[in-house]
Amino acid sequence: MPVFIPSSLTDATRLLSNNPSAHLVTGGTDLMVEVNFNHRHPETVISLRKIPEFQHWNIDNKSGVVHIGSSVPYATMEHGELAQALPALAEAARTVGSPQIRAAGSLGGNLGTCSPAGDSLPVLSALNAIVHLHSETTSRSVPFAEFMVGPKRNSRLPNEIISGVTIPLTNGWQGYAKVGVRNAMVISVASVCLAIHDGNVRVALGSVGPTIIRGSESEAWINSVGLENVTPSVAQEFGERVRAESRPIDDHRSTAEYRRHAVGVLATRLLLRGVQR
Amino acid sequence: MSELEHYTLTINGEDRHVSDAWIGESLLYVLRERLGLPGSKGACEQGECGSCTVYVDNAAVCSCLIMAATAVGTQIATVEGLNQDGSLTDVQQAFVSEGAVQCGFCTPGLVMAVHHLLDHNETPNEQEIKEALSGNICRCTGYGRIFAAVDSVISIRKSTAS
Amino acid sequence: MTITKTQRDILGSSALRPDGVSKVQGDFAFSSDLHAENMLWGATLRSPHPYARIISIDLSGAWKIAGVECVITAEDVPGQLTYGLISEDQPVFAKDFVRYMGEPVAAVAADHPETCRRALAAIVVVYEVLTPLTNPEHAIDEAREPIHPDGNIIRRQQIIHGDVNATAPIVVEGTYDIGMQDQAFLGTESALAIPDHDGAGIEVFVATQWLHEDRKQMAKCLALPEEKVRLVLGGVGGAFGAREDISLQVHTALLAMRTSRPVKMQYGREESFFGHVHRHPAQIWMRHHANTDGRIVKIEARFVFDGGAYSSTSSAVLINGVTHTQGPYQCPNAIVDGYAVRTNNPPCGAMRGFGVVQACFAHEGQMDKLAVATGIDEVEIRLRNIIHTGDTMITGQVLESVAPLERCIRETAAMPLPREMEAHPHELDLPGGSGRTADRRNIVRGIGWGVSMKNLMYSEGFDDYSTARCTLTNGSVELKFATSEVGQGFVTLAPQIARSVLGVDNVTYDTIDTQIGSAGSTSASRQTWMSGGAVDGACRMVRERLFEHVGALHGIDPLRLAIDDTDVVDTIGSLRITVQEASTNFTVSETFEYHHRPTQDLDDNGQGNCHVAFAFVAHRAVVDVDVELGLVKVVQIATAQDVGRVLNPMSVIGQIEGGIAQGLGLAVMEEIIVTNGIVRNPSFTDYLLPTALDAPQVLISMIEEPDPQAPMGAKGVGEAPCISVTPAIVAAIRNATGKSIDRCPVRPQDICF
């Protein structure tokens with residue numbers, strides 16, 4: 001039978017071991033586009049939608065982390081407790097496709113596909129998220145920075161399934177912004193997540209390189225300047241430095257020049273929002 | 001094709017058997033071409049137009065992006081299920097009365113999206129309405145009469161409630 | 001107590017769509033919803049190259065796949081190998097060359113769409129890839145060998161009018177670029193073809209704008225007499241010009257005839273981008289000469305429309321463009337040179353606005369430049385130049401249409417501007433929307449204007465008549481016409497006309513098909529005028545027959561009879577009987593063909609009475625711009641449109657709001673991006689259409705000055721809304737940013753760099 005709907009992680013990993021060419025699908029919002037556009041002709045599919053722990057999320061204030069199962073839909077992240085705990089993720093989730101897509105799409109899909117334009121990925125990067133992977137015999141947890149290794153490439157092994165992510169809470173401001181040429185339902189041309197923890201800034205950039213880019217040098221610079229010293233001109237220079245760390249390309253959605261410019265502007269604005277100036 | 005599937009879907013409260021289906025078939029295709037439910041429309045095949053909106057376990061989703069064979073065991077509701085008693089819902093009536101229908105291709109999906117919005121938020125404000133409908137492209141109306149229809153349903157429901 | 005009379009759904013009322021109830025329930029049968037017993041699916045193999053020689057086609061792989069019933073190429077076309085609306089230059093299937101990316105090469109019929117896809121993948125075509133001609137200027141300068149036997153220039157048309165040596169102290173010029181827009185109707189191309197049992201003919205259900213023209217072209221290619229090709233309108237999910245040309249009609253019919261089974265074809269969204277013509281991208285240079293008081297003395301212009309690989313309606317689009325060089329302004333002297341050329345880019349043809357969209361973008365950019373150069377306000381400069389009924393246009397044609405242009409402009413200007421943006425606006429009201437890119441302080445507001453005139457109906461000697469039949473029996477009317485209902489609402493209007501003319505309430509319409517004379521195309525803002533005129537004419541003929549009948553029964557001169565509400569009355573006597581009663585056991589049926597007045601071809605100098613009539617409109621746009629990121633939110637559009645007479649207010653508002661959204665799309669987001677002949681964004685992920693969050697507030701005034709030339713005083717309202725709104729929005733962006741932007745759509749990088 002070519003379609004499997006396992007109801008436990010154990011069953012799912014076993015099925016994947018036995019069917020190494022199977023497609024994994026949660027909401028289907030990525031895979032089915034490929035099928036509908038004649039780019040894929042799946043023969044075996046493992047649907048992950050019925051695995052209870054994949055649909056589960058919890059906020060562990062004691063350990064200072066949030067755990068989100070890989071099938072939790074974006075719609076759940078947009079409002080309520082999760083949005084209060086992780087405002088940047090809520091803002092990113094709100095920009096994913098349409099309301100219909102957000103009701104089906106999930107972090108597991110964004111991570112599985114690993115497009116540089118994946119809306120949630122800059123948030124996972126800036127918040128130092130940990131990705132949990134399981135095979136029939138092994139389990140491991142990988143920092144996001146090591147998980148995404150290239151455009152649409154990640155370090156998931158063919159026999160592994162993404163069960164969810166653990167996202168450390170921050171004790172400072174966090175936010176996300178994304179440029180698209182429409183006011184809703186638009187693919188990212190450039191996006192930035194900025195988070196402040198223990199007075200230190202972290203910044204991650206989407207759609208401006210082969211992977212999500214952490215602006216490490218910009219972070220080091222702004223943290224040496226100190227958040228208390230952020231003025232509009234400091235924020236401007238921060239934006240310039242972020243811009244310099246981006247590595248965008250020209251394509252039909254935009255130009256490299258514009259993308260570079262846009263991440264700089266977004267970084268400046270997010271920093272000013274973060275320090276409320 | 002060798003890889004053919006047999007499965008049962010629950011649609012508008014009824015069990016519907018699907019036989020000899022290719023596994024790559026979307027729920028939209030199965031509804032339209034196998035189960036005689038053409039009310040959901042296909043216009044983009046990639047979740048960018050909302051014409052195929054159905055409810056799966058009460059979530060409004062794009063049926064073009066659901067692999068039908070994986071929807072076994074879910075409760076699926078389509079536009080055909082809205083008025084099984086034959087009369088129009090208030091949203092449908094408002095779409096007709098307010099001129100929200102032109103070519104009508106986006107209409108079933110929009111009707112589903114509006115019902116979903118109003119089921120979860122009785123008094124949405126302007127931005128909430130626009131955001132809730134931002135996944136449903138209409139090429140004919142420019143949305144003006146669609147907003148008028150939504151406003152009309154909200155005010156009629158308010159006045160009937162009070 | 002007051003007695004309220006029941007509102008009848010007559011002309012002037014907001015009668016509801018007769019298909020509305022079925023559409024909201026999902027019951028309405030679009031062409032893609034049709035099925036037949038024993039039906040096969042059809043699919044098309046298309047060229048991946050913009051320009052290549054076909055060396056060989058091997059179909060054997062496809063034939064071997066289980067479930068495949070038929071595979072066809074150009075070799076299998078029984079009749080004429082090419083088709084076209086004006087010039088028959090487009091192959092049913094490419095034979096020796098492919099001339100654009102996506103050109104059909106072969107088609108298959110099989111038991112399942114996935115079988116079709118696999119069959120297409122199994123067809124081996126060997127191409128010798130050639131260097132595509134993609135720069136329209138290279139089509140003009142003859143730097144390249146012709147890419148088609150008909151040559152690289154589809155048509156050249158000049159206009160020389162008045163004193164070409166005239167000069168004036170103020171001179172402004174600009175070069176304007178308009179991107180390739182897609183009609184992007186939601187219901188993609190689809191058809192169901194059912195062969196006759198004896199194999200001698202075929203019935204085709206198809207979503208189209210013009211049944212009879214499709215039939216004519218199909219019959220030639222299928223080598224069938226026209227009467228053996230019966231077309232029925234399948235429900236149409238929008239059109240906007242993209243269904244005027246043949247797409248899958250011949251392929252579907254041919255597969256059905258070869259297999260002797262019903263065949264259904266339906267394009268997906270990606271294929272739809274390749275399957276129909278688009279709005280012509282154009283480059284337009286204009287130089288306006290004006291006096292210091294702002295009055296235009298002379299316009300020089302050069303138009304280049306990129307027609308793509310096949311001619312479609314390019315020659316007519318060109319004529320619309322060049323003859324609208326002056327816009328709705330007086331212009332005594334003009335020198336215009338225009339080209340529609342052939343390239344290996346996607347074929348372009350009809351889209352709402354049809355050449356006038358491009359011309360208007362240029363002439364309105366020029367009017368703003370003229371305002372700056374003369375120091376005259378942008379509203380005043382337009383008012384000083386507006387054209388009036390009786391003025392001579394640059395074609396030498398005298399404008400005969402009612403032209404309430406001053407009212408359009410003044411009423412638009414009088415509409416309230418939107419409130420200032422609040423200190424803490426809702427994030428979705430800012431440019432960038434849900435992306436939360438902007439803060440209040442990043443936003444600048446701008447206001448811009450656009451005014452236009454648009455010809456109605458077909459031009460240059462074409463008699464695009466329409467036919468309708470009205471049958472009255474026992475107080476009920478049935479109408480018959482071949483007018484394509486594509487969403488515009490002719491099926492609402494036609495019964496309104498019958499109710500008004502005949503005093504009946506129960507009006508139905510028969511299947512829309514080729515079992516009656518042609519209605520012409522649902523395009524060029526023409527069906528209210530043309531098919532409305534035909535229905536009106538048929539109903540009036542029936543009314544005369546009814547009066548004769550009543551007159552004979554009651555011994556009254558029929559000339560004394562009139563319809564009052566739902567009664568037949570004797571205007572100078574006491575007889576009053578209901579139409580219901582008067583038509584009991586009486587049946588009368590009349591067919592009427594409506595023709596507009598004849599027009600002429602343009603001569604070599606572009607002179608001639610080439611257009612039938614015109615409509616006018618003004619748009620004022622208010623935009624908020626995030627200048628640093630180059631993102632735009634259109635806040636408000638105010639518009640006053642010359643409609644002649646409002647026959648259905650709700651329908652007219654729907655046309656205006658919908659047209660504005662399409663013009664907004666062209667202004668800020670919609671463009672098919674083509675690089676070296678390769679289409680880069682054939683999907684709704686990358687070809688962006690306005691969403692609910694992009695829709696501006698729209699303020700509307702419908703200017704009613706009935707046109708005596710129009711059958712019911714009403715002008716077509718379909719195209720005017722989408723023409724000058726685009727330049728108005730771009731002008732507002734210029735106003736907000738201070739940047740000179742002469743292209744649309746405006747991209748972020750056009751604003752922020």
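View 1. With 28 C-beta neighbours inside 10 Å, C:Phe354 counts as buried, because the cut-off is 20 or more other C-beta atoms within 10 Å of a residue's own, with 12 or fewer meaning exposed, anything in between partly exposed, and C-beta atoms placed from the backbone. This is a predicted model, where local features need pLDDT of at least 70 and side-chain atom pairs count only at pLDDT 80 or more, while totals for chains, interfaces and linings use all residues. As for labels, residues are numbered from 1 along each chain as its sequence is written, and chains are lettered from A and ligands numbered from 1 in the order in which they are written. The loop holding C:Phe354 runs between strand E19 (348-349) and helix H9 (356-374) of chain C; helices (H or I, at least four residues) and strands (E, at least two) are DSSP runs, numbered from the N terminus. Phi of C:Phe354 is positive, about 40°, although the residue is not a glycine.

**View 2. Six strands of chain C make an open sheet.** The order is E9-E18-E17-E16-E10-E33, with mixed pairing; two strands pair if DSSP finds at least two bridges between them. At the edges are strand E9 (153-161) and E33 of chain C, each pairing on one side only. Helix H9(C) packs on the sheet and touches strand E10 (170-178), strand E16 (282-290) and E33 of chain C. The direction of H9(C) makes about 145° with that of E10(C); axes are lines fitted to C-alpha atoms, for helices over the stretch in contact, and angles run from 0 to 180 degrees between N-to-C directions.

**View 3. E17 and E18 of chain C pair in the parallel sense.** Strand E17 (residues 296-306) and strand E18 (residues 333-341) pair over nine bridges. Look for C:Lys298, which stands opposite C:Asn333 in E18(C).

**View 4. A cis peptide bond joins C:Cys744 and C:Pro745**. Omega here is about 0°. C:Pro745 belongs to the loop between strand E33 (743-744) and helix H17 (748-752) of chain C.

**View 5. B:Asp57 has a positive phi in a loop of chain B.** Its phi is near 50°, and the residue is not a glycine. The loop lies between strand E3 (53-56) and strand E4 (59-62) of chain B. B:Asp57 is partly exposed because 13 other C-beta atoms lie within 10 Å.

**View 6. Chain B touches chain A.** Here 26 residues of chain B are in contact with 26 residues of chain A, contact meaning C-beta atoms, placed from the backbone, within 7 Å. On the chain B side, E4 and helix H4 (126-132) are the elements that give two or more residues. E4(B) has the largest share, four residues. By class, the chain B side divides into 12 nonpolar, nine polar and five charged residues; Ala, Val, Leu, Ile, Met, Phe, Trp, Tyr, Cys and Pro count as nonpolar, Asp, Glu, Lys and Arg as charged, and the others, Gly among them, as polar.

View 7. The contact takes 21 residues from domain 1 and 23 residues from domain 2 of chain A. On the domain 1 side, helix H5 (87-94), helix H8 (121-126) and strand E8 (148-150) of chain A give two or more residues, and H8(A) gives the most, with five.

Note on methods. Contact = placed C-beta atoms within 7 Å.
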